[in-house]
Amino acid sequence: MNKERFNQVLSSSLWAAYGDALGFPTELASEYTLKKRIGQIAIETTQPWKRLVGGKFGANAELPAGAYSDDTQLRLATSRALTSKGGFDVESFAKVELPTWLNYALGAGRGSKAAASELSNKNTNWYTNFFKNKSVDYVSCGGNGAAMRIQPHVWSAVDLTDINTILSDVIRNSICTHGHLRGIAGAVVHAMCLIYVMRYNKIPPPEEWLDFTQAIEKIPSIIDNDYDLSIFWKPVWEEKSNLTLSSAAEEVAEEWADLVGISLECYSESEVGTYKEILKALGGMNSSERGSGLKSALFSLAGASLLEKNGIENALILMANQLGSDTDTIATMAGALLGANLNNYQTFDKDLQDKNYLISEAERCYRISLGELVAGFKYPDLLYWEGPKSAIDAVKKSPDGLHLLGLGVLKEKSEVFQSNQKGAVWRWFNLPFGQSVLCKVRSGFIVDDSLQKNGSASLVESECEVEKSGELFSNSFKECPKSLDEMTEDAIKSNFDPELIGKHVLEISSRELGIELVVGYVAVIAKAKRARERRLNRA
């Protein structure tokens, strides 16, 4: 075991979640609001509090000490979508995790919620999520909802010097929900900051912040080398944004350089004073600017750099108490950086929701970084997956209890929180793998609590497999058609038998999203055939 690398990943994960939990009660709060939430005008540690969930007609729910927000929820969703071989299952992340997350999301932004809702539609893929409604447009989504969740791509990286591979997954993840280069670049810059800390065991010093401009400038070339993004996403994005990708990247790179320049002008002898000045100078206290993905990457970097001398916990407390700023996201991103710096190591012994699950996911990321084959999360087969039509539809009732679609059986762990929304209540549940979720549930589903108490601990895997155990889908397929992975494997093993490939193409074309699936199938076959031919030629 590489003890140093393991400690980096574990410490980064826990302090990131703790920063989120500290900043969650103070997010967008005035002193008056904060006192109503936690009984005081500044937060000093994690503690129980109450929050209105589900909008003005929702429920006033009790949150336990260490409860975290959408930042950590989506970070865990990203981590689950890391495959046993170290890749990123972007399809399952986009089509299962994000739509289901809408049911239990806490503190989510408009852009991420709109993106997740659109991904419930059968005909929307992760690279075609060009949603637009009255309040938000995909190509204008430049918030920090992507930057806050991408740390697992760095924690699980086999080679921290292989920047293109890491950033490729970061960009794929970001594009699921964010279409403005500012949001994508924020994720890229934060990933580069975390890579830096894990390689050199120090926070990037101010004189090197400008160097991250180069990573922003690389975004177009990384996208051009990604088949799905270059063929399907880029042309549509350029048409809808009325920009070329390269010009947009240049513009955002210049913006980063300007932000760094302004930040350096703010420096004074006071670390806390400088951090406050940077927030104010860059609009970090304004509703229109504080949630910028690019600025959040800089705020978290500045906070980590300026305040680390106070110790990790105190640094995060200082950031979480900058009322008017995006406290939870800045603190969670800074916590990831500070925790990965073992030269400033601090034992973690704080109250934090789902600490054991966070530890297990950190360990899994670490083992993936070693190249080990680890257990992957078993998602439903996407060929038969139907996303929830609305947030409340993500919780289904079956003979053995309630299920959260795609994630597993729900076991109740709190009282019911009544709401002013007809037919809906909220309740805390445990998922089989150790995560706590505050779910929106149809009130008729939980009249008899005995349904919850003896719920099975097995995961909902796929409709075909669930049928065997009588769970959830009693009328599921008795014989599963093969998945695309299985079909491509059969075709390759057959030495690219034309008849078999033709049968596959005809069969796939009759499925939902048949054209897109055929394109994907043929692309895999073509790449495999060319790779085999190159090996034979070299021999």
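Reply: Phenylalanine 417 stands opposite tryptophan 426, a residue of strand S6. The model is predicted, so local features are given only at pLDDT of at least 70 and side-chain atom pairs only at pLDDT 80 or more, while totals for chains, interfaces and linings use all residues. Residues are numbered from 1 along each chain as its sequence is written, and side-chain values rest on heavy atoms, with hydrogens and water left out.

Strand S5 (residues 408–418) pairs with strand S6 (residues 424–430) in the antiparallel sense, over five bridges. Strands are DSSP runs of E of at least two residues, helices are runs of H or I of at least four, and both are numbered from the N terminus. Two strands count as paired if DSSP finds at least two bridges between them.

S5 and S6 belong to an open sheet of five strands in the order S3-S4-S5-S6-S7, with antiparallel pairing. Strand S3 (395–398) and strand S7 (436–442) are at the edges; each has a single partner strand, so one side of each lacks a neighbour in the sheet. From one strand to the next, the twist averages 45°. Helix H4 (residues 90–104) packs on the sheet and touches S3, strand S4 (401–404) and S7, its direction making about 80° with that of S7. Such angles run from 0 to 180 degrees between N-to-C directions, with axes fitted as lines to C-alpha atoms, for helices over the stretch in contact.

Leaving aside neighbours within four places in sequence, valine 53 is in contact (heavy atoms within 4.5 Å) with Gly58, Ala59, Ala61, Leu106, Trp426 and Leu438. Valine 53 sits in strand S1 (residues 49–53). At 5% relative accessibility valine 53 counts as buried; the term means under 20% relative accessible area, with exposed meaning over 50% and partly exposed in between, for a 1.4 Å probe and protein chains only. Between valine 53 and serine 419 there are 366 residues in sequence, yet their C-alpha atoms are 9.1 Å apart.

Next, the nonpolar cores. A nonpolar core is a set of buried Ala, Val, Leu, Ile, Met, Phe, Trp, Tyr and Cys residues joined through side-chain atoms within 4.5 Å. The largest has 155 residues, and Trp233, Leu316 and Leu404 have the most contacts inside it. Helix H8 (residues 181–200) supplies the largest share of this core, 13 residues. Tryptophan 233, apart from neighbours within four places in sequence, has contacts that include Tyr127, Phe130, Ile184 and Leu245. A second, separate core of ten residues includes Met487, Leu517, Val518 and Ala528.

H8 also packs against another helix. The axes of helix H7 (residues 163–175) and H8 come within 9 Å and cross at roughly 145°. Among the residues making the contact are Ile163, Leu167 and Ile171 of H7 and Ile184, Val188 and Ile195 of H8.

Finally, helix H1 (residues 3–26). Of its 24 residues, 21 are buried, so H1 is largely enclosed by the rest of the structure. Serine 12 lies in H1 and is buried, with a relative accessible area of 0%. Not counting residues up to four places away in sequence, serine 12 touches Trp155, Leu194, Gly335, Ala336, Gly339 and Ala340. Just after H1, leucine 28 takes a positive phi of about 55°.
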